[in-house]
Amino acid sequence: MQPATASLTAAPPDTTVRSAAIPWHLVIAVLGATCIPLGALWDISWHESIGRDTFWTPAHMVIYLGGLVPGLTCGWLALRTTFFGSVEERSAGVRFWGARAPLGAWISIWGCFAMLTSAPFDDWWHNTYGLDVQILSPPHCLLAIGMFSVVLGVLLLVLSGKNCQAEAQQRTIARLFVF
C-alpha cells in the first residue's frame, strides 16, 4: 500500500513552456523605426512653420535616430547570429560576406547605411545648388529609400521572430507588428 502523501506531490515543472516575453532586439528595432515617421511628420511641420533651418534640427535628429537604432540593433543581431548563434539560427539566417542574420536585419542595415550616406550628400547638395525647389532631390530620394528599407527590414524581422516563437509569444509579437 502506498502512502497517502505520494498523490499530493507536485509534478515537475514543464520546461518546454516559454514565457510570453518578446526578444528585446525586436522591441528596440520597432521603437527605433517608429522614430522615422514621427520625425518625418515633425520635419514637414518644421519646414512649414519655421522654414529650412540647419541639418541639426531636432526633427532631422529623430529621423536619423530612427535609422541608426534599428541599424545598430540589426548589426548586433548579425554579429550574434554569426559568432554566437545556435545551429538553427545560423541555418535560418541569410549569408552575406560570410556573416549570417535574418533577411530583415540585412535590409535594415542597408537602409541605415543609405540614410547615413544621404546626410552629407544632402548637405553638399544644398551648399552647391541651394535650397530644394521640390522635395525629390537625389539625396532626399536616397534618404526615402533608406527609410523605407529600415522600416521594411524591421517588419520582416518581427515577422520572422513571430514564426520562431511559442504561441503565447506569437500573439504578443503580432501586436508589436501591428504597432
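Predicted model: local features only at pLDDT ≥ 70, side-chain atom pairs only at ≥ 80, totals over all residues.
Residues are numbered from 1 along each chain as its sequence is written, and side-chain values use heavy atoms, with hydrogens and water left out.

Let's start with the overall layout. The protein chain has 6 helices and 2 strands; both kinds of element are DSSP runs, numbered from the N terminus, with helices being H or I of at least four residues and strands being E of at least two. Along the sequence the order is α-α-α-β-β-α-α-α.

Now back to helix α4. It covers residues 103-129, which is 27 residues, and spans 38 Å from first C-alpha to last, close to the 39 Å expected at 1.5 Å a residue. After α4 comes Gly130, with a positive phi near 85°.

Next, burial. I call a residue buried under 20% relative accessible area, exposed over 50%, and partly exposed in between, using a 1.4 Å probe and protein chains only. Of the 179 residues in the protein chain, 36% are buried. The chain exposes about 11300 Å², with carbon and sulfur atoms supplying 69% of that; these areas come from the Shrake-Rupley method with a 1.4 Å probe, and for residues only the protein chains shown count as cover.

So what sits inside? A nonpolar core here is a set of buried Ala, Val, Leu, Ile, Met, Phe, Trp, Tyr and Cys residues joined through side-chain atoms within 4.5 Å. The largest one has 15 residues, and the members touching the most others are Ala105, Trp106, Val154 and Leu157. Two or more residues each come from α1, α2, β2 (99-101), α4 and α5 (138-163). Helix α1 gives the largest share, 4 residues. There is also a second, separate core of 9 residues, with Phe55, Ile63, Ala119 and Met147 among them. As a general point, nonpolar side chains in soluble globular proteins tend to be buried together.

Let me zoom in on Leu157. Which residues does Leu157 touch, leaving aside those up to four places away in sequence? They are His25, Leu26, Cys74, Leu77, Pro102, Gly104 and Ala105, where contact means heavy atoms within 4.5 Å. Across the protein chain, among contacts between residues at least 6 apart in sequence, 64% join residues at least 24 apart.

Val30 lies in helix α1 and is buried, at 8% relative accessibility. For contrast, look at Phe83 in helix α2, which is exposed at 56%. Phe83 and Arg100 are 17 residues apart in sequence, with 8.7 Å between their C-alphas.

On to the aromatics. Rings of Phe, Tyr and Trp (its six-membered ring) pair if their centres lie within 6.5 Å; planes under 30 degrees apart are stacked, over 60 edge-to-face, and the rest tilted. The structure has 5 such pairs. One of them is Trp24 with Trp76, a tilted pair at 4.7 Å centre to centre and 50° between the planes. This pair links distant parts of the chain, with Trp24 in helix α1 (residues 24-49) and Trp76 in helix α2 (residues 58-84), 52 residues apart. Trp76 is partly exposed, at 33%.

Trp42 and Trp46 pair as well: their centres are 6.5 Å apart and their planes are at 70°, so the pair is edge-to-face. Why are they about one helical turn apart? Because Trp42 and Trp46 are 4 residues apart in helix α1. Trp42 is partly exposed at 38%, whereas Trp46 is buried at 16%. Elsewhere, Phe121, Trp124 and Trp125 form one aromatic cluster.

Last topic: the cysteines. How many disulfides does a search of the whole structure find? The count is 0, taking a disulfide as a pair of cysteine sulfur atoms within 2.5 Å. The sulfur of Cys112 is 9.1 Å from its closest cysteine sulfur, in Cys74, and that is too far for a bond. Cys74 is buried at 0% relative accessibility, and Cys112 is buried at 7%.

Definitions and conventions
Expected span 1.5 Å × (residues − 1).
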